[in-house]
Amino acid sequence: MATNVRTESEVTDLTLTATSEEARGLRDRPIILRLVSIALFAGIWEIAGHIPVSFAFPTFSDTIAAFFRLIADGSMPAAYLSTLQPLVLGVLLSTFLGVGIGIVCGLSRAGEWLLIPVFIVLQAAPVAAFIPLVTFVYGIGMTAKTIAVMILALPVIVLNTYKAVRNVNESLLVMCRSFLGTRWQTITRIILPDASPVIFAGLRLGVAAGFVGVVLAELLITPTGIGDLITFHRSRADYAEMYATIASIIALSTLTLVFLQWIEVRVFRPEKRGA
Amino acid sequence: MTTRRAMFAAVLATAIGSALPLGAAEAGDMRIAFGDLPGIESIQTLAAIERTKERGVNVELIILNDEDLAAQAIVGGQADVGIGAPYTLIQKVGVPIRIFGQISTLRFFPVVNSEFYKSWEDLDGQEIAVHARGSGTEAVMLLMAKNHGITYGDISYVPGSEVRRGALLQGTVKASIVDAANRRALEAEAPGKFIVLPVEDLSATDEAVFATVDYLESNTADVDILVEELIKTGREITENPAVAVEFRNTYGLLPDLGAEADVEVEEYYKETAEAGALAINGGGAEAAADDFEFFTLADQIEGDPASLKVEDFWDLRPLDRVLAKLGTN
């Protein structure tokens, strides 16, 4: 007759395994943790709004209600329709121009000397200060806003692409040469695939910068779209609407970045899937 | 990663929570938040502030970029007296702040390109450009449209009188509304090209002084001095606009503009004084009634103008005390 007596240490061990398994269970479902994190944030916001932190700080629930009001009366969809035009145009132009210029600079010394300093200066510059200059040259219309988006997005994309191309793994290049690969093959088969992770990182940063650019332009040039909603509701002291607008542009920017990452993994870099 | 995110969220929320308003100033100190970059139209206010200083009130002037920021500074306790017309804020936010003196009334000039339009009626269904949605310029244009029984086509928003002046000169905008300085510039740069349309029945507050109820109650002496000096400078300039230039020289106001601005200062105040836009009795209940009408029309305050209560927006006591001393003009 064997009695199953467990020592205290064994019991502790067991509970430890149990909790760590539970924890692992939670970790395997990141969506739950993410929701908890969002709920926690919303909860703290709600409490802060009730204290209230400032007369101009609405509660989370007021902000959500304001968000749906803005959707329902059509002002937010209309605002996004107008904000997205310079944003999408600017980001697309920056993507193609930026990756193109970055690759050229990465591959040729002349291009590097000619262009890279310009983009380093642009990246280091406090860009908001340029925006009044842009309005002098391009007026106050769509062009000026698109340029504002590009001023912010282009340098990051160019510099990341350039660095990615410049820092391609040397042994891969040597390998390509030893297989008698042509210059074109070296670029398309070795350099671009090897550089693509960093290029994509640059694109994501560029898109994020584009969002900064379009909001800056709409606040500083002419109030249209999202910038108009923010300034208008601030002047009317409708702070819940103002916060809803700001939160919506942050959410859109975040979702866009997550979506880009998803595209990158699914379409361009299948080897990373599930990692 | 996710726990770190949750931690970050918590840290962020705590940071927001700790940004609590600062305490109020001590008696004898007065922090005035100026909701606009001072220009020649600010000489009167700036001179009154200098004279308030001379009478022993330790005034600190805080220049802010925007009228809303000035109002927020008052509510947040970072400044004591704000300059602007915070009707919306008083009504919507329910913050205990009150206006206690009017400095000047709105003066804007609807300008149209004479090749296309000659009168208000011509603007029916036409595109106009104003400063911003919900701004005073828009309200003036809407008020005039209502008075003349017309409706505009598109209203486009172009912030900055000088920007709209440029657009008028270029011809991209054919009908707009600008301030006094830019109207004069338009007349100088393109004589005869533009017509200034008449504006009737407009006497809404452009700039007024306001503060929290607490501040007004615990700093009556300082507040009275400020109101008194504002009214006195307003009266002196109305009587003799050239005094504005003297004020500028005596107190060294707006030194960046140089001596050549003196001519402009004198012209500006001559015109403003003739139009009666400087408050020589500090506004009060009468001004409040005009403002109710204007700001409800502009959609900045809600309710029937006749049923809005003056005491919800104004604290008339400082003005009453000062007018008892100075007399009404």
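Two strands pair if DSSP finds at least two bridges between them, strands (E, at least two residues) and helices (H or I, at least four) being DSSP runs numbered from the N terminus. This is a predicted model, in which local features need pLDDT of at least 70, side-chain atom pairs count only at pLDDT 80 or more, and totals for chains, interfaces and linings use all residues. Residues are numbered from 1 along each chain as its sequence is written, while chains are lettered from A and ligands numbered from 1 in the order in which they are written.

**Exercise 1.** Determine the strand order of the open five-stranded sheet in chain B, and identify its edges.

*Solution.* Step one: the order reads E2-E1-E3-E10-E4 in chain B, with mixed pairing. Step two: strands E2 (58–63) and E4 (97–105) of chain B each have a single partner strand, so they stand at the edges, with one side of each left without a neighbour in the sheet. Step three: E4(B) pairs with strand E10 (residues 205–212) of chain B in the antiparallel sense, over seven bridges, and Gly101(B) stands opposite Val209(B) in E10(B).

**Exercise 2.** Find which residues of helix H6 (residues 131–138) of chain A are buried, and on which side they lie.

*Solution.* Step one: a residue is buried if 20 or more other C-beta atoms, placed from the backbone, lie within 10 Å of its own, exposed if 12 or fewer, and partly exposed in between. Step two: the buried residues of H6(A) are Ile131(A), Val134(A) and Thr135(A). Step three: they cover an arc (of the directions from the helix axis to the C-beta atoms) of only 100 degrees, which puts them on the same side of H6(A). Step four: the face turned away from that buried side carries the exposed residues Pro132(A), Leu133(A), Phe136(A) and Val137(A).
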